[in-house]
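Welcome, and thanks for taking a look at this one. Here is a short briefing to read alongside the model.

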Amino acid sequence: MDQALSIYFLLGWLGGDLLNLIGSFLANQLPLQIYTAIYYVLADLVMLFLYSYYKAKNRRGALGAPINAACVFVLLGMASAASLLGGEAGTAPGPAAFRGRALLAAGTPEPGDTPFSRSEIIGFIIGSVSSVLYLCSRLPQIYTNYKRKSTVGVSYWLFALVMLGNALYGASVLLKNPEPGQSPADYVLRHLPWLVGSLGVLSLDVIISCQFLAYRTGKAGAPEERDALLGEQDEPSDS
């Protein structure tokens, strides 16, 4: 795992999910966005823990600077998730109706649009930075796959399900009807960073999918991986 995955991919992913969670909470995004953001952070923490564990095991405890950074991100993630979960539990929102909307319906901005509050502006900025981290997080993994000339050790289902989830996530935001008196343009603007973060990253995931196709017959590319495989093959059997 520590050879197949880029630590900067995991850190960028966790950073984007953390900011996504904080920004969604501050900008009063849909409950679906907040709940999925919490799950993403928890899943990222598990992946970072596994990466750190196998890195330490394979390198016999020699932890480098990236692993120390990962530990810091883990602590920050746990603190942020705990604080936001506590704040969310204290506020019980009423039931919201979900109504379908016509995506291609033309209309003029309605006078009922409300200006951004201070917390919404902060959340919008944090959400925008989160989108940038999402987009940048794929680049280290693309480079790692290209350098190894292999995708051995990386699960394609991870990226396939992320692509499907991002597509459905963005569609669910677009298909929700704006609040009464809110124009479609204002609704899209308030959700724009999260739409970019979910739909914009699909193009980079397509590149990773193409790498899976290009390297599908390739072997482990790193010298350490080849040596490990050869060492396993050279071990005498008990029979």
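**Cysteines and surface**

Cys-136 is partly exposed, because its relative accessibility is 41% and partly exposed lies between buried (under 20% relative accessible area) and exposed (over 50%), using a 1.4 Å probe and protein chains only. This is a predicted model, in which local features need pLDDT of at least 70 and side-chain atom pairs count only at pLDDT 80 or more, while totals for chains, interfaces and linings use all residues. Residues are numbered from 1 along each chain as its sequence is written, and side-chain values use heavy atoms, leaving out hydrogens and water.

*Cysteines*
- Cys-210 is also partly exposed, with a relative accessible area of 45%.
- The count of disulfides (pairs of cysteine sulfur atoms within 2.5 Å) is zero.

*Nonpolar patch*
- Met-1, Val-46, Phe-49, Leu-50, Tyr-53 and Tyr-54 make up a nonpolar surface patch with about 560 Å² of accessible area together.
- Such a patch joins nonpolar side chains within 5 Å, from residues with over 30% relative accessible area and no salt bridge (a Lys or Arg side-chain nitrogen within 4 Å of an Asp or Glu carboxyl oxygen).
- Leu-50 sits in helix α2 (residues 31–58) and is partly exposed, at a relative accessible area of 34%.

*Confidence*
- The protein's mean pLDDT (the predictor's confidence in each residue, from 0 to 100) is 74, and 67% of its residues reach 70 or more.
- Over residues 88–110 the pLDDT is below 50, and this stretch has 28 contacts (heavy atoms within 4.5 Å) beyond near neighbours in sequence.
- Residues 228–233 also have pLDDT below 50, with one contact beyond near neighbours in sequence.

Definitions and conventions:
Patches are made of residues with over 30% relative accessible area and no salt bridge: like charges are joined within 9 Å, nonpolar side chains (Val, Leu, Ile, Met, Phe, Trp, Tyr) within 5 Å. Accessible areas come from the Shrake-Rupley method with a 1.4 Å probe; for residues, only the protein chains shown count as cover. Helices (H or I, at least four residues) and strands (E, at least two) are DSSP runs, numbered from the N terminus.
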